[in-house]
Amino acid sequence: MAIETRAEDLAQAVIDRMKDCKDPRFKSVMTSLISHIHAFAREVQLTPQEWMTALEFLTATGQKCDDKRQEFILISDTLGLSMQVVGIAQAKAIAANQNAVSATPATEATVQGPFFIEGAPVLPLGADLQGSLAGDPTHYSGKVTDLDGKPVHNCAFDVWSSDTEGFYDVQMGENPPMQLRAQLRTDAQGRYDFWSVKPAKYPVPIDGPGGAMLLAMGRHPFRPGHMHMMLRAEGFAPLVTHLFVSDSEYLDSDAVFGVRNSLIVDFNKHPPGVGPGGRVLDKPWQSCTYDFKLVPNA
Ligand code: BEZ
Ligand code: FE
C-alpha cells in the first residue's frame with residue numbers, strides 16, 4: 001500500500017479528503033482553490049523562505065486590522081480581486097433579469113472600499129453635507145429608476161466621499177465626527193439631490209502591509225476623485241457604485257481598478273448666484289447630474 005503522497009498528487013490527495021464535506025458549494029470552491037494554489041506553487045517553484053515571507057505578510061495584514069481599518073479589503077482591492085467579484089455578481093444579477101423591454105443597461109457597480117459607515121445621518125433631499133468645509137459647493141442630482149425607466153421611490157441612497165484634500169472623516173484621528181456622508185431617500189419621482197464637495201484624488205492607505213506590497217510592485221497608490229453611492233430599494237439588487245470626476249488625475253490607473261467609463265461624469269462650473277432649490281451662492285459652485293438604473297431582484 002502506498003503511504004506517501006507524491007508532490008504532483010498532493011492537490012488531489014487534499015481534495016479526496018473532503019469526501020465527507022456536507023456543503024457542496026464550499027466543497028467545490030475549496031476543490032478549485034486547492035488545485036490552483038498547488039499549481040501556483042509548482043509553477044513559480046515557491047521556496048520555503050518565500051512561503052514564510054508570504055505567511056508573515058498575511059499575519060501582519062491581520063494584525064493591522066481593527067474596527068476602523070480593514071487591510072484584507074485593501075489587498076483584495078489593489079489586486080483587482082474585489083472588482084472581479086463585483087463584476088461576477090452584477091453580471092449574474094443582470095443575466096437573471098434579461099428583459100426585452102429594458103431601454104438601457106443597469107448602472108455599473110464598483111468597489112465599496114473601506115470607508116463606508118452604516119448609520120450615516122438621514123437627511124432630507126437638498127441637504128448640504130459640506131457645511132463649513134473648503135471647496136466649491138457642489139450640487140448632485142438625478143433620478144433612480146428601474147431598467148424600464150420607472151421611478152424607484154424611497155430608495156435609501158447613501159453617499160460618502162473624501163474632502164477636497166482627499167481625506168475621509170474616519171482618517172482624521174480618534175473618534176472623529178462624521179462628515180461628508182449621509183443617507184437620503186428618493187422622492188415619488190425617484191429624484192435625489194444634495195450638496196457636497198467635488199472629491200479629490202487620494203492615495204489608498206500605504207502605512208501597512210497592503211501599501212508595502214503595492215510599492216514593492218512598483219505601483220502608485222492613487223485613486224481618481226470620486227463620490228461613493230450605495231442604493232438600496234425594496235425589490236431591487238443593492239447597487240454599490242461611485243461617480244468619478246471627469247477631469248481628475250488617475251482615471252486611467254486607479255489603484256483599485258474601479259473606474260468604469262459609464263461612471264465618469266462632468267462637473268459643470270457656475271458663477272455666484274441663485275442655485276438649485278433657490279440656494280443663494282456668494283461664490284462659484286459646481287453641479288453634476290447622473291441617473292441610476294437598478295436591477296430588480298431575481
Ligand atoms: C475608497 O474608494 O474609499 C477606497 C477603495 C479601495 C481601497 C481604499 C479606498
Ligand atoms: Fe473612496
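**Ligand 1 and the spaces in the model**

The space taken by ligand 1 turns out to be the largest cavity. This comes from a predicted model, so the picture below is a computed one.

Start with the cavity itself. The count comes to 1 cavity of 30 Å³ or more, and about 80 Å³ of space lies in the largest cavity. Its lining is made up of 13 residues, and those closest to its centre are D77, G113, P114, V204 and R223. By residue type, the lining of the largest cavity splits into 8 nonpolar, 3 polar and 2 charged.

Now for the ligand's own surroundings. Around ligand 1 sit L74, D77, G113, P114, F115 and Y168, together with Y202, V204, R223, H226, H228 and V256. Sorted by type, this shell comes out as 7 nonpolar, 3 polar and 2 charged residues. Two elements, helix 4 (71-78) and strand 7 (226-232), each put at least two residues into the shell around ligand 1.

For R223, an N or O atom in the side chain is 2.5 Å from an oxygen atom of ligand 1. In the case of Y202, a polar side-chain atom lies 2.6 Å from an oxygen atom of the ligand. Y168 has a polar side-chain atom as well, lying 3.4 Å from an oxygen atom of ligand 1. As for cover, ligand 1 has 270 Å² of accessible area on its own, and the protein covers 100% of it.

Then there is the largest pocket, which holds about 350 Å³ of space. Its lining consists of I37, H38, F40, A41, L46, W51, A54, F57 and L58. Helix 2 (24-44) and helix 3 (48-64) are the elements that give two or more residues to this lining. The lining of the largest cavity, for its part, includes 2 charged residues.

Terms used. Residues are numbered from 1 along each chain as its sequence is written. Chains are lettered from A and ligands numbered from 1 in the order in which they are written. This is a predicted model: local features need pLDDT of at least 70, side-chain atom pairs count only at pLDDT 80 or more; totals for chains, interfaces and linings use all residues. Side-chain values use heavy atoms; hydrogens and water are left out. A residue is near a molecule or strand if one of its heavy atoms lies within 4 Å of it. A polar contact is a pair of N or O atoms within 3.5 Å; within protein, one must be able to donate a hydrogen and the other to accept it, and residues adjacent in sequence count only if both atoms are side-chain atoms. Accessible areas come from the Shrake-Rupley method with a 1.4 Å probe; for residues, only the protein chains shown count as cover. On a 1 Å grid over the protein atoms alone, a cavity is a set of points where a 1.4 Å probe fits but cannot get out, and a pocket is an open set with protein on both sides within 12 Å along at least five of seven lines; lining residues have an atom within 4 Å of a point. A molecule sits in a cavity or pocket if more than half of its atoms lie within 2 Å of its grid points. Helices (H or I, at least four residues) and strands (E, at least two) are DSSP runs, numbered from the N terminus. Ala, Val, Leu, Ile, Met, Phe, Trp, Tyr, Cys and Pro count as nonpolar, Asp, Glu, Lys and Arg as charged, and the others, Gly among them, as polar. Grid points are joined across faces, edges and corners, and a volume is the space filled by probe spheres set on the points.
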